[in-house]
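User: I would like to understand the terms used for this model, and how each value leads to its label. Could you take me through them?

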Amino acid sequence: MSNNMMFYGCDVAELVKEYGSPLYVMSEDDIRERCREVKSVFIDKYPNTRAVYASKAFQTLEICRIVQQEGIGLDVVSGGEIFAAIRAGVNPADIVFHGNTKTYGELKLALEENVGTIVVDNLSELALLDELAAEMGKVPGIVMRITPGVDSHTHEFISTGQEDSKFGFAIQEVIDFATEKAMKSSHLDFRGFHFHVGSQLHDNMSHLMAVDKVLDMLTVIKEKYGYVPRELNTGGGFGVHYAGDPERTHVSYFMDPVMEKIDAYFAKTGDPRPMITIEPGRWIVAEAGITVYEVGSVKTNAAGRTYIGVDGGFPDNPRPALYDAKYEVKAVEKYDEPYDQVVTVAGKCCESGDILIWDAELPKLERGDHIAVLCTGAYNYSMASNYNRVPRPAVVMVSEGKAHLSVRRETYEDLIAREL
Ligand SMILES: Cc1ncc(COP(=O)(O)O)c(C=O)c1O
(Lines give C-alpha, C1' and ligand atoms only; values in the text may rest on other atoms or scores of the structure.)
Protein backbone atom coordinates (compact mmCIF):
# COMPACT_ATOMS: atom_id res chain seq x y z
CA MET A 1 0.00 0.00 0.00
CA SER A 2 1.52 3.35 -1.00
CA ASN A 3 1.15 6.53 1.06
CA ASN A 4 0.33 8.51 -2.06
CA MET A 5 -2.46 11.03 -2.13
CA MET A 6 -5.65 9.72 -3.73
CA PHE A 7 -8.15 11.92 -5.60
CA TYR A 8 -11.53 10.44 -6.50
CA GLY A 9 -10.09 6.93 -6.66
CA CYS A 10 -6.95 7.91 -8.61
CA ASP A 11 -3.39 7.80 -7.29
CA VAL A 12 -2.14 11.36 -7.86
CA ALA A 13 1.53 10.32 -8.17
CA GLU A 14 0.53 7.92 -10.95
CA LEU A 15 -1.43 10.67 -12.72
CA VAL A 16 1.56 12.96 -12.74
CA LYS A 17 3.81 10.14 -13.97
CA GLU A 18 1.48 9.59 -16.89
CA TYR A 19 0.43 13.15 -17.75
CA GLY A 20 3.34 15.26 -16.47
CA SER A 21 3.62 18.26 -14.19
CA PRO A 22 2.19 20.74 -13.45
CA LEU A 23 -1.22 19.18 -13.92
CA TYR A 24 -4.79 20.30 -13.41
CA VAL A 25 -6.88 17.36 -12.19
CA MET A 26 -10.66 17.74 -12.25
CA SER A 27 -13.20 15.37 -10.77
CA GLU A 28 -16.06 14.77 -13.17
CA ASP A 29 -17.92 13.03 -10.32
CA ASP A 30 -17.72 16.13 -8.14
CA ILE A 31 -18.89 18.45 -10.94
CA ARG A 32 -21.85 16.19 -11.68
CA GLU A 33 -22.69 15.93 -7.97
CA ARG A 34 -22.75 19.74 -7.62
CA CYS A 35 -24.98 20.04 -10.72
CA ARG A 36 -27.34 17.42 -9.27
CA GLU A 37 -27.46 19.28 -5.99
CA VAL A 38 -28.43 22.50 -7.78
CA LYS A 39 -31.10 20.52 -9.57
CA SER A 40 -32.56 18.90 -6.47
CA VAL A 41 -32.47 21.86 -4.07
CA PHE A 42 -33.44 24.55 -6.56
CA ILE A 43 -34.62 23.58 -10.06
CA ASP A 44 -36.77 20.61 -8.98
CA LYS A 45 -37.89 22.27 -5.78
CA TYR A 46 -39.22 25.49 -7.32
CA PRO A 47 -41.25 25.51 -10.53
CA ASN A 48 -40.24 27.85 -13.35
CA THR A 49 -36.57 28.09 -12.37
CA ARG A 50 -33.29 27.28 -14.10
CA ALA A 51 -29.57 27.33 -13.46
CA VAL A 52 -26.84 28.31 -15.87
CA TYR A 53 -23.21 27.49 -15.08
CA ALA A 54 -20.98 30.60 -15.16
CA SER A 55 -18.46 29.02 -17.46
CA LYS A 56 -15.85 31.74 -16.99
CA ALA A 57 -14.94 29.72 -13.88
CA PHE A 58 -13.65 26.86 -16.05
CA GLN A 59 -14.70 26.43 -19.63
CA THR A 60 -13.67 23.48 -21.76
CA LEU A 61 -15.70 21.61 -24.34
CA GLU A 62 -15.92 18.67 -21.95
CA ILE A 63 -17.22 20.73 -19.03
CA CYS A 64 -19.80 22.38 -21.30
CA ARG A 65 -21.02 18.90 -22.25
CA ILE A 66 -21.07 17.65 -18.66
CA VAL A 67 -23.19 20.52 -17.33
CA GLN A 68 -25.52 20.31 -20.32
CA GLN A 69 -26.02 16.57 -19.67
CA GLU A 70 -26.93 17.46 -16.10
CA GLY A 71 -29.66 19.87 -17.23
CA ILE A 72 -27.77 23.08 -16.47
CA GLY A 73 -27.43 25.91 -19.02
CA LEU A 74 -24.36 28.03 -19.69
CA ASP A 75 -23.46 31.62 -18.79
CA VAL A 76 -20.84 33.01 -21.17
CA VAL A 77 -19.04 36.35 -21.25
CA SER A 78 -17.31 36.59 -24.61
CA GLY A 79 -17.40 35.60 -28.25
CA GLY A 80 -14.79 32.95 -27.45
CA GLU A 81 -16.98 31.39 -24.78
CA ILE A 82 -19.99 31.45 -27.13
CA PHE A 83 -17.93 29.82 -29.88
CA ALA A 84 -16.70 27.04 -27.58
CA ALA A 85 -20.16 26.46 -26.09
CA ILE A 86 -21.68 26.04 -29.55
CA ARG A 87 -18.80 23.77 -30.62
CA ALA A 88 -19.43 21.68 -27.52
CA GLY A 89 -23.01 21.23 -28.64
CA VAL A 90 -24.70 23.36 -25.99
CA ASN A 91 -28.25 24.28 -26.98
CA PRO A 92 -28.05 28.02 -27.84
CA ALA A 93 -31.41 28.55 -26.13
CA ASP A 94 -29.71 27.60 -22.84
CA ILE A 95 -26.92 30.18 -23.24
CA VAL A 96 -26.95 33.45 -21.29
CA PHE A 97 -24.54 36.04 -22.70
CA HIS A 98 -22.99 38.53 -20.24
CA GLY A 99 -20.40 41.28 -20.37
CA ASN A 100 -20.07 44.96 -19.55
CA THR A 101 -18.50 45.64 -22.95
CA LYS A 102 -19.72 43.33 -25.65
CA THR A 103 -18.21 44.14 -29.02
CA TYR A 104 -20.22 44.54 -32.20
CA GLY A 105 -18.72 41.24 -33.42
CA GLU A 106 -19.68 39.42 -30.23
CA LEU A 107 -23.28 40.67 -30.33
CA LYS A 108 -23.50 39.71 -33.99
CA LEU A 109 -22.20 36.23 -33.20
CA ALA A 110 -24.74 35.89 -30.37
CA LEU A 111 -27.56 36.80 -32.76
CA GLU A 112 -26.28 34.53 -35.54
CA GLU A 113 -26.10 31.64 -33.10
CA ASN A 114 -29.52 32.45 -31.61
CA VAL A 115 -28.15 32.70 -28.07
CA GLY A 116 -31.19 32.44 -25.80
CA THR A 117 -30.62 35.40 -23.50
CA ILE A 118 -28.46 38.50 -23.79
CA VAL A 119 -27.85 40.31 -20.52
CA VAL A 120 -27.76 43.95 -21.57
CA ASP A 121 -25.38 46.00 -19.43
CA ASN A 122 -25.90 49.62 -20.47
CA LEU A 123 -27.85 52.06 -22.64
CA SER A 124 -25.40 52.16 -25.54
CA GLU A 125 -25.46 48.37 -25.74
CA LEU A 126 -29.25 48.43 -25.67
CA ALA A 127 -29.27 50.83 -28.64
CA LEU A 128 -26.65 48.85 -30.57
CA LEU A 129 -28.42 45.54 -30.00
CA ASP A 130 -31.75 47.03 -31.04
CA GLU A 131 -30.19 48.26 -34.30
CA LEU A 132 -28.32 45.04 -34.97
CA ALA A 133 -31.35 42.86 -34.25
CA ALA A 134 -33.43 44.95 -36.67
CA GLU A 135 -30.75 44.63 -39.37
CA MET A 136 -30.47 40.87 -38.87
CA GLY A 137 -34.20 40.28 -38.55
CA LYS A 138 -33.85 38.77 -35.07
CA VAL A 139 -35.70 39.30 -31.81
CA PRO A 140 -33.27 38.30 -29.05
CA GLY A 141 -34.42 37.66 -25.49
CA ILE A 142 -32.85 40.24 -23.21
CA VAL A 143 -32.65 40.91 -19.49
CA MET A 144 -31.15 44.08 -18.04
CA ARG A 145 -28.30 43.83 -15.58
CA ILE A 146 -28.90 46.02 -12.56
CA THR A 147 -26.36 47.33 -10.10
CA PRO A 148 -28.39 46.84 -6.93
CA GLY A 149 -26.14 49.08 -4.84
CA VAL A 150 -25.26 46.57 -2.14
CA ASP A 151 -21.79 45.86 -0.89
CA SER A 152 -21.06 42.13 -0.78
CA HIS A 153 -18.09 42.30 1.64
CA THR A 154 -15.80 40.16 -0.42
CA HIS A 155 -12.52 41.11 -2.11
CA GLU A 156 -13.11 44.38 -4.02
CA PHE A 157 -12.07 42.74 -7.31
CA ILE A 158 -14.83 40.11 -7.02
CA SER A 159 -17.47 42.44 -5.63
CA THR A 160 -19.80 43.58 -8.41
CA GLY A 161 -23.08 44.81 -6.96
CA GLN A 162 -22.02 48.02 -5.21
CA GLU A 163 -23.16 51.36 -6.64
CA ASP A 164 -19.72 52.31 -7.92
CA SER A 165 -19.35 49.24 -10.14
CA LYS A 166 -18.48 48.90 -13.81
CA PHE A 167 -21.35 46.44 -14.24
CA GLY A 168 -24.94 47.11 -15.13
CA PHE A 169 -27.58 49.84 -15.06
CA ALA A 170 -28.22 52.00 -12.01
CA ILE A 171 -31.72 51.36 -10.65
CA GLN A 172 -32.71 54.97 -11.29
CA GLU A 173 -31.61 54.67 -14.92
CA VAL A 174 -33.80 51.59 -15.34
CA ILE A 175 -36.76 53.46 -13.84
CA ASP A 176 -36.17 56.69 -15.76
CA PHE A 177 -35.41 55.47 -19.29
CA ALA A 178 -34.06 51.98 -19.90
CA THR A 179 -37.30 50.08 -19.24
CA GLU A 180 -39.26 52.30 -21.60
CA LYS A 181 -36.63 51.99 -24.34
CA ALA A 182 -36.53 48.19 -24.07
CA MET A 183 -40.33 47.92 -23.92
CA LYS A 184 -40.74 50.05 -27.03
CA SER A 185 -38.30 48.07 -29.15
CA SER A 186 -40.00 45.65 -31.50
CA HIS A 187 -36.62 43.96 -32.10
CA LEU A 188 -35.97 43.01 -28.48
CA ASP A 189 -37.89 40.53 -26.37
CA PHE A 190 -37.48 42.28 -23.01
CA ARG A 191 -37.89 39.53 -20.42
CA GLY A 192 -36.69 41.07 -17.19
CA PHE A 193 -33.74 41.79 -14.95
CA HIS A 194 -30.47 40.41 -13.61
CA PHE A 195 -28.19 41.15 -10.70
CA HIS A 196 -25.03 39.55 -9.36
CA VAL A 197 -23.73 40.92 -6.08
CA GLY A 198 -20.29 39.33 -5.88
CA SER A 199 -18.37 36.11 -5.65
CA GLN A 200 -17.16 33.72 -2.93
CA LEU A 201 -19.92 34.71 -0.50
CA HIS A 202 -20.67 32.77 2.66
CA ASP A 203 -23.34 35.19 3.85
CA ASN A 204 -26.72 35.57 2.13
CA MET A 205 -27.27 39.15 3.34
CA SER A 206 -26.21 40.88 0.13
CA HIS A 207 -28.40 38.59 -2.00
CA LEU A 208 -31.39 39.36 0.22
CA MET A 209 -30.73 43.10 0.24
CA ALA A 210 -30.40 43.07 -3.55
CA VAL A 211 -33.71 41.19 -3.90
CA ASP A 212 -35.43 43.82 -1.74
CA LYS A 213 -34.05 46.61 -3.90
CA VAL A 214 -35.04 44.91 -7.13
CA LEU A 215 -38.56 44.16 -5.87
CA ASP A 216 -38.96 47.81 -4.82
CA MET A 217 -37.82 48.78 -8.30
CA LEU A 218 -40.38 46.43 -9.87
CA THR A 219 -43.16 48.15 -7.92
CA VAL A 220 -42.14 51.52 -9.37
CA ILE A 221 -41.76 50.13 -12.89
CA LYS A 222 -45.15 48.48 -12.78
CA GLU A 223 -46.77 51.71 -11.61
CA LYS A 224 -44.96 53.77 -14.22
CA TYR A 225 -45.04 51.47 -17.27
CA GLY A 226 -47.31 48.56 -16.33
CA TYR A 227 -44.31 46.29 -16.95
CA VAL A 228 -44.04 42.92 -15.14
CA PRO A 229 -40.88 40.87 -15.83
CA ARG A 230 -40.98 37.28 -17.05
CA GLU A 231 -37.48 36.50 -15.75
CA LEU A 232 -35.35 37.50 -12.76
CA ASN A 233 -31.76 36.33 -12.64
CA THR A 234 -30.12 36.50 -9.20
CA GLY A 235 -26.58 35.64 -10.35
CA GLY A 236 -24.08 33.36 -8.65
CA GLY A 237 -21.51 33.97 -5.95
CA PHE A 238 -22.02 30.98 -3.63
CA GLY A 239 -18.88 30.42 -1.58
CA VAL A 240 -16.58 27.39 -1.43
CA HIS A 241 -13.93 26.22 1.00
CA TYR A 242 -10.50 27.78 0.51
CA ALA A 243 -7.89 27.85 3.28
CA GLY A 244 -9.24 29.81 6.22
CA ASP A 245 -12.81 29.97 4.84
CA PRO A 246 -15.92 28.15 6.06
CA GLU A 247 -17.09 24.97 4.34
CA ARG A 248 -18.88 25.21 0.99
CA THR A 249 -22.20 27.01 1.45
CA HIS A 250 -25.49 25.38 0.48
CA VAL A 251 -27.35 26.74 -2.52
CA SER A 252 -30.54 26.44 -0.48
CA TYR A 253 -29.06 28.76 2.20
CA PHE A 254 -29.03 31.48 -0.47
CA MET A 255 -31.99 30.54 -2.62
CA ASP A 256 -34.65 29.43 -0.10
CA PRO A 257 -34.94 32.88 1.50
CA VAL A 258 -34.55 34.57 -1.90
CA MET A 259 -37.46 32.49 -3.26
CA GLU A 260 -39.51 33.16 -0.17
CA LYS A 261 -39.18 36.91 -0.68
CA ILE A 262 -39.91 36.73 -4.41
CA ASP A 263 -42.88 34.36 -4.00
CA ALA A 264 -44.35 36.54 -1.24
CA TYR A 265 -43.98 39.64 -3.40
CA PHE A 266 -45.77 38.15 -6.41
CA ALA A 267 -48.43 36.56 -4.22
CA LYS A 268 -49.15 40.11 -3.04
CA THR A 269 -49.14 41.77 -6.48
CA GLY A 270 -51.15 38.94 -8.00
CA ASP A 271 -48.86 38.83 -11.04
CA PRO A 272 -47.33 35.52 -12.10
CA ARG A 273 -43.93 34.97 -10.52
CA PRO A 274 -41.22 35.33 -13.23
CA MET A 275 -38.80 32.53 -14.07
CA ILE A 276 -35.88 32.65 -11.62
CA THR A 277 -32.40 31.96 -12.99
CA ILE A 278 -29.22 31.43 -10.97
CA GLU A 279 -25.63 31.44 -12.24
CA PRO A 280 -23.28 29.44 -10.01
CA GLY A 281 -19.74 29.25 -11.35
CA ARG A 282 -17.13 28.70 -8.67
CA TRP A 283 -19.52 26.54 -6.64
CA ILE A 284 -19.82 23.97 -9.45
CA VAL A 285 -16.12 23.46 -10.20
CA ALA A 286 -13.81 24.93 -7.53
CA GLU A 287 -13.60 21.99 -5.15
CA ALA A 288 -13.59 19.54 -8.05
CA GLY A 289 -10.09 20.63 -9.01
CA ILE A 290 -6.54 20.29 -7.72
CA THR A 291 -3.25 21.40 -9.28
CA VAL A 292 -0.26 19.14 -8.95
CA TYR A 293 3.26 20.58 -9.06
CA GLU A 294 6.76 19.16 -8.90
CA VAL A 295 9.13 20.55 -6.31
CA GLY A 296 12.20 22.01 -8.01
CA SER A 297 14.05 23.75 -5.25
CA VAL A 298 14.09 23.84 -1.47
CA LYS A 299 16.04 26.64 0.17
CA THR A 300 16.12 28.71 3.33
CA ASN A 301 16.99 32.38 2.95
CA ALA A 302 18.95 34.65 5.27
CA ALA A 303 15.70 35.71 6.98
CA GLY A 304 15.07 32.09 7.92
CA ARG A 305 12.17 31.53 5.49
CA THR A 306 12.14 28.20 3.67
CA TYR A 307 10.94 28.32 0.06
CA ILE A 308 9.65 25.33 -1.83
CA GLY A 309 9.96 26.31 -5.49
CA VAL A 310 7.57 24.53 -7.89
CA ASP A 311 7.31 24.18 -11.66
CA GLY A 312 4.18 26.37 -12.02
CA GLY A 313 2.56 29.24 -10.14
CA PHE A 314 1.31 32.59 -11.41
CA PRO A 315 0.77 31.43 -15.02
CA ASP A 316 -1.57 28.58 -13.97
CA ASN A 317 -3.01 30.29 -10.87
CA PRO A 318 -2.93 34.10 -10.71
CA ARG A 319 -5.47 34.24 -7.86
CA PRO A 320 -3.00 34.58 -4.95
CA ALA A 321 -1.41 37.57 -6.70
CA LEU A 322 -4.74 39.05 -7.87
CA TYR A 323 -6.98 38.46 -4.86
CA ASP A 324 -4.66 37.40 -2.08
CA ALA A 325 -6.39 34.01 -2.38
CA LYS A 326 -5.42 31.38 0.19
CA TYR A 327 -5.04 27.69 -0.61
CA GLU A 328 -4.54 24.41 1.21
CA VAL A 329 -1.81 22.09 0.02
CA LYS A 330 -1.00 18.39 0.42
CA ALA A 331 2.12 16.37 -0.23
CA VAL A 332 1.50 13.79 -2.95
CA GLU A 333 4.02 11.01 -2.24
CA LYS A 334 4.45 11.98 1.45
CA TYR A 335 0.74 12.45 2.05
CA ASP A 336 0.75 10.60 5.37
CA GLU A 337 3.98 12.02 6.78
CA PRO A 338 3.88 14.63 9.54
CA TYR A 339 3.12 18.13 8.21
CA ASP A 340 5.72 19.63 10.55
CA GLN A 341 7.55 22.09 8.29
CA VAL A 342 6.38 25.67 7.75
CA VAL A 343 7.36 26.66 4.22
CA THR A 344 6.44 29.15 1.53
CA VAL A 345 5.39 27.62 -1.78
CA ALA A 346 6.83 29.83 -4.52
CA GLY A 347 5.93 29.82 -8.20
CA LYS A 348 8.59 29.81 -10.88
CA CYS A 349 7.94 33.23 -12.44
CA CYS A 350 10.29 36.19 -12.34
CA GLU A 351 7.95 38.07 -10.01
CA SER A 352 8.44 38.40 -6.26
CA GLY A 353 4.63 38.29 -6.03
CA ASP A 354 4.49 34.82 -7.54
CA ILE A 355 3.92 33.06 -4.23
CA LEU A 356 1.25 30.35 -4.22
CA ILE A 357 1.06 29.89 -0.44
CA TRP A 358 2.74 31.70 2.43
CA ASP A 359 3.49 29.65 5.55
CA ALA A 360 2.10 26.31 4.40
CA GLU A 361 2.45 23.28 6.63
CA LEU A 362 4.01 20.40 4.73
CA PRO A 363 6.22 17.37 5.39
CA LYS A 364 9.92 17.70 4.66
CA LEU A 365 10.14 17.79 0.88
CA GLU A 366 12.91 17.57 -1.64
CA ARG A 367 13.42 18.12 -5.35
CA GLY A 368 11.30 15.69 -7.36
CA ASP A 369 8.51 15.39 -4.77
CA HIS A 370 5.05 16.58 -5.75
CA ILE A 371 2.48 18.70 -3.98
CA ALA A 372 -1.21 19.23 -4.75
CA VAL A 373 -2.89 22.59 -4.21
CA LEU A 374 -6.57 22.06 -3.39
CA CYS A 375 -9.69 23.81 -4.64
CA THR A 376 -8.19 25.11 -7.88
CA GLY A 377 -11.05 24.11 -10.17
CA ALA A 378 -12.42 27.64 -10.55
CA TYR A 379 -10.71 30.66 -12.08
CA ASN A 380 -7.35 28.91 -12.45
CA TYR A 381 -7.31 27.14 -15.82
CA SER A 382 -9.60 29.85 -17.20
CA MET A 383 -7.33 32.63 -15.94
CA ALA A 384 -4.07 30.94 -16.92
CA SER A 385 -1.54 32.84 -19.01
CA ASN A 386 1.77 32.18 -20.72
CA TYR A 387 3.65 34.71 -18.63
CA ASN A 388 7.38 33.98 -18.90
CA ARG A 389 6.45 31.73 -21.87
CA VAL A 390 5.37 29.01 -19.49
CA PRO A 391 3.14 26.49 -21.35
CA ARG A 392 -0.29 25.88 -19.80
CA PRO A 393 -0.65 22.55 -17.96
CA ALA A 394 -2.76 19.68 -19.23
CA VAL A 395 -6.20 19.02 -17.74
CA VAL A 396 -6.97 15.49 -16.67
CA MET A 397 -10.51 14.48 -15.81
CA VAL A 398 -11.04 11.73 -13.26
CA SER A 399 -14.17 9.72 -12.67
CA GLU A 400 -14.75 6.60 -10.59
CA GLY A 401 -11.05 5.87 -10.30
CA LYS A 402 -10.33 6.30 -14.01
CA ALA A 403 -8.56 9.22 -15.67
CA HIS A 404 -8.52 10.65 -19.16
CA LEU A 405 -6.81 13.60 -20.80
CA SER A 406 -9.30 16.41 -21.31
CA VAL A 407 -6.98 19.19 -22.50
CA ARG A 408 -3.46 18.40 -23.71
CA ARG A 409 -0.46 20.26 -22.32
CA GLU A 410 0.69 23.29 -24.32
CA THR A 411 3.96 22.83 -26.16
CA TYR A 412 6.71 25.34 -26.92
CA GLU A 413 5.52 25.20 -30.55
CA ASP A 414 2.04 26.28 -29.36
CA LEU A 415 3.65 29.27 -27.70
CA ILE A 416 4.97 30.67 -30.97
CA ALA A 417 2.30 29.27 -33.32
CA ARG A 418 0.64 32.65 -33.95
CA GLU A 419 3.82 34.63 -34.47
CA LEU A 420 4.44 35.66 -38.09
C1 LIG B 1 -22.85 37.92 -13.86
C2 LIG B 1 -22.15 36.84 -13.14
N3 LIG B 1 -22.82 35.70 -12.91
C4 LIG B 1 -22.21 34.67 -12.29
C5 LIG B 1 -20.91 34.75 -11.87
C6 LIG B 1 -20.31 33.57 -11.20
O7 LIG B 1 -19.89 33.84 -9.93
P8 LIG B 1 -19.39 32.66 -9.02
O9 LIG B 1 -18.31 31.98 -9.75
O10 LIG B 1 -18.93 33.32 -7.80
O11 LIG B 1 -20.58 31.78 -8.77
C12 LIG B 1 -20.19 35.93 -12.07
C13 LIG B 1 -18.81 36.03 -11.62
O14 LIG B 1 -18.09 36.95 -11.77
C15 LIG B 1 -20.83 37.00 -12.72
O16 LIG B 1 -20.20 38.15 -12.96
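Analyst: Tyr24, Phe58 and Tyr381 form one aromatic cluster. This is a predicted model, in which local features need pLDDT of at least 70 and side-chain atom pairs count only at pLDDT 80 or more, while totals for chains, interfaces and linings use all residues. Residues are numbered from 1 along each chain as its sequence is written, and side-chain values use heavy atoms, with hydrogens and water left out.

User: How many aromatic pairs does the structure hold, and what makes two rings a pair?

Analyst: The structure holds 12 aromatic pairs. Rings of Phe, Tyr and Trp (its six-membered ring) pair if their centres lie within 6.5 Å, and planes under 30 degrees apart count as stacked, over 60 as edge-to-face and the rest as tilted. Tyrosine 242 and tyrosine 327 have centres 5.5 Å apart and planes at 85°, so the pair is edge-to-face.

User: Why can the pair of tyrosine 242 and tyrosine 327 be said to tie parts together?

Analyst: Tyrosine 242 lies in the loop between β11 (231–233) and α9 (251–269), and tyrosine 327 lies in the loop between α11 (319–323) and β15 (329–331), so the pair ties together parts that are 85 residues apart in sequence. The names follow DSSP runs numbered from the N terminus, with helices (H or I) of at least four residues and strands (E) of at least two.

User: Are tyrosine 242 and tyrosine 327 buried or exposed, and how do you know?

Analyst: Buried means under 20% relative accessible area, exposed means over 50%, and partly exposed lies in between (1.4 Å probe, protein chains only). Tyrosine 242 has 4% relative accessibility and therefore counts as buried, and tyrosine 327, with a relative accessible area of 4%, is buried as well. Another edge-to-face pair is formed by tyrosine 265 and phenylalanine 266, at 5.0 Å centre to centre and 80° between the planes, and both of these residues are buried.

User: What makes the charged end of arginine 34 count as sitting over the ring of tryptophan 283?

Analyst: A charge sits over a ring if NZ of Lys or CZ of Arg is within 6 Å of the ring centre and within 35 degrees of the ring normal. The charged end of arginine 34 is 5.5 Å from the centre of the tryptophan 283 ring and sits over that ring. The charged end of lysine 330 likewise sits over the ring of tyrosine 339, at 5.4 Å from its centre.

User: Why are α8 and α9 called roughly parallel?

Analyst: Axes are lines fitted to C-alpha atoms, for helices over the stretch in contact, and angles run from 0 to 180 degrees between N-to-C directions. Angles under 35 degrees count as roughly parallel, over 145 as roughly antiparallel, 65 to 115 as roughly perpendicular and the rest as oblique. The axes of helix α8 (residues 205–225) and α9 come within 10 Å and cross at roughly 20°, and the two helices are therefore roughly parallel to each other. With contact meaning heavy atoms within 4.5 Å, the residues of α8 that meet α9 include His207, Leu208 and Val211, and those on the α9 side include Tyr265 and Phe266.

User: What makes α5 oblique to α6?

Analyst: Helix α5 (residues 104–112) and helix α6 (residues 123–136) pack at an angle of about 45°, with their axes 10 Å apart, and that angle makes α5 oblique to α6. Among the residues that meet are Tyr104 and Leu107 in α5, and Leu128 and Leu129 in α6.

User: How do you know whether α4 is roughly parallel or oblique to α5?

Analyst: Helix α4 (residues 79–87) packs with α5 at an angle of about 25°, with the axes 9 Å apart, which makes α4 roughly parallel to α5. The contact is made by Gly79, Ile82 and Phe83 of α4 and by Glu106, Leu109 and Ala110 of α5.

User: Why is leucine 123 called partly exposed?

Analyst: Leucine 123 lies in helix α6, and its relative accessible area of 25% makes it partly exposed. Not counting residues up to four places away in sequence, leucine 123 touches Phe169, Glu173, Phe177, Ala178 and Lys181.

User: What is the phi of asparagine 114, and what is the phi of tyrosine 379?

Analyst: Most residues other than glycine have a negative phi, and most peptide bonds are trans. Asparagine 114, in the loop between α5 and β7 (117–120), has a positive phi near 55°, and at 46% relative accessibility it counts as partly exposed. Tyrosine 379 also has a positive phi near 55°, but with a relative accessible area of 13% tyrosine 379 is buried. A cis peptide bond, with omega about -5°, joins serine 21 and proline 22.
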